[in-house]
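Have a look, and let's work through it together.

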Amino acid sequence: MTKEQLYKKFARYYDKIYEKMDHQREAEFIKWAVKSYKSSQGNELLDVACGTGRHAYFLKNDFKIVGFDINEDMLEIAREKLPDIPFIKGDMKKMDLGRKFDLIICMFSAVNYNTTLDELKVTLKNFYNHLNDGGVLIFDMGINKENWIEGMVSVDTVIDEDFKLARICQSHLEDDVFNSSFVYLIKENGMVDFDIDEHALGVFGMEDVVDLMKTKGFEVFIYSDFKDEKWGIETGERPVFVGIK
Ligand SMILES: C[S@@+](CC[C@H](N)C(=O)[O-])C[C@H]1O[C@@H](n2cnc3c(N)ncnc32)[C@H](O)[C@@H]1O
């Protein structure tokens, strides 16, 4: 099976696997952060690594949204769900849309698809260049050096009457990169099949990320798991970065 086909399968399962995630709560945090920090006049939102449009769905009445993602299969699903929103295919590391926005979001650890600090630096520069003065950047970083647990096994399951899926992965870090192999076991149309989906994710220290953001010109705040509470290492919670241009 080619990589292209594997991605197709992954996109199809994405919404089912993450069905229980509370994107509405995250969208409420985004709206709160924008009210608190944005001083640019417009309401243009660029959703980088938008996936299947799960945040766009809850933000579409408050912002004029453009979605951007590297995976055409994810974009196809987003377009079907949200036909009024333009969804563009592209790589955040090379992004050059020739226009600026008031808010950029990059959600659910999608920044971890930058595997080195040099790549992250380029991506943050791209984000900065696509923001109006007074605009806001928001991204979460569920995987980071501070919360890394080596060898941890995660198991996600979907159990519907006519569809069953188990996805297993083990954390292992090599040179600050998590080369994750997700093993899928899927029962669909009465048949069991399996797949492996591979992702390379950069694992960064929080201070390095803050330093990079400041070097690029952002004022930085870090919140804890989409709550109106500042993040600290002791919280053990998902850091949510808010950068102001
Ligand atoms: C974990 S998903 C997050 C999707 C969405 N933001 C959400 O919260 O559900 C990661 C997404 O990042 C996209 N992605 C990975 N590398 C990318 C890149 N270099 N540029 C743009 N998108 C990328 C993938 O195609 C995938 O849709």
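Q: Does K214 count as buried, partly exposed or exposed, and why?
A: This is a predicted model, in which local features need pLDDT of at least 70 and side-chain atom pairs count only at pLDDT 80 or more, while totals for chains, interfaces and linings use all residues. Residues are numbered from 1 along each chain as its sequence is written. By definition, a residue is buried if 20 or more other C-beta atoms (placed from the backbone) lie within 10 Å of its own, exposed if 12 or fewer, and partly exposed in between. Because K214 has 12 C-beta neighbours inside 10 Å, K214 counts as exposed.

Q: Which helix holds K214?
A: Helices (H or I, at least four residues) and strands (E, at least two) are DSSP runs numbered from the N terminus. K214 is 44 residues from Q170 in sequence and 33 Å from Q170 in space, C-alpha to C-alpha. The run that holds K214 covers residues 206-216, and that is helix α6.

Q: What radius of gyration does the protein chain have?
A: The radius of gyration is taken over C-alpha atoms, and the globule rule is 2.2 Å times the number of residues to the power 0.38. For 245 residues, a compact globule would have a value near 18 Å, and the protein chain agrees with this, at 18 Å.

Q: Which helix gives the most to the side of domain 1 that touches domain 2?
A: Domain 1 (3-144 + 205-244) and domain 2 (146-201) divide the protein chain, with bounds that come from an automatic or database domain assignment. Two residues are in contact if their C-beta atoms, placed from the backbone, lie within 7 Å, and here 14 residues of domain 1 are in contact with 13 residues of domain 2. Six residues on the domain 1 side come from the helix spanning residues 3-17, which is α1.

Q: Which residues come nearest the ligand?
A: A residue is near a molecule if its C-beta atom, placed from the backbone, lies within 6 Å of it. The shell around the ligand divides into nine nonpolar, four polar and four charged residues. Of the 17 residues around the ligand, the nearest are A49, G51, N71, F108 and Y113.

Q: How many residues are in the largest nonpolar core?
A: A nonpolar core is a set of buried Ala, Val, Leu, Ile, Met, Phe, Trp, Tyr and Cys residues joined through C-beta atoms within 7 Å. I104 is among the residues with the most contacts inside the largest one, and, beyond four places in sequence, I104 touches L46, V48, F127, H130, L131 and L137. The number of residues in this core is 52.

Q: Where does K38 lie?
A: K38 is partly exposed because 18 C-beta neighbours fall inside 10 Å. Beyond four places in sequence, K38 is in contact with D102, L103, G134, G135 and V136. K38 lies in the loop between α2 (23-37) and β1 (44-48).

Q: What is the phi of D176?
A: Most residues other than glycine have a negative phi. D176 lies in the loop between β8 (173-174) and β9 (177-188), and is partly exposed, with 16 other C-beta atoms within 10 Å. Although D176 is not a glycine, its phi is positive, at about 65°.

Q: Is N189 buried or exposed?
A: N189 lies in the loop between β9 and β10 (191-202), and its phi, near 50°, is positive in a residue other than glycine. With 7 other C-beta atoms within 10 Å, N189 is exposed.

Q: Which strand holds C169?
A: Beyond four places in sequence, C169 is in contact with S154, S180, S181 and F182. C169 is partly exposed, with 18 other C-beta atoms within 10 Å. The strand that holds C169 covers residues 163-170 and is β7.

Methods: Nonpolar A, V, L, I, M, F, W, Y, C, P; charged D, E, K, R; others polar.
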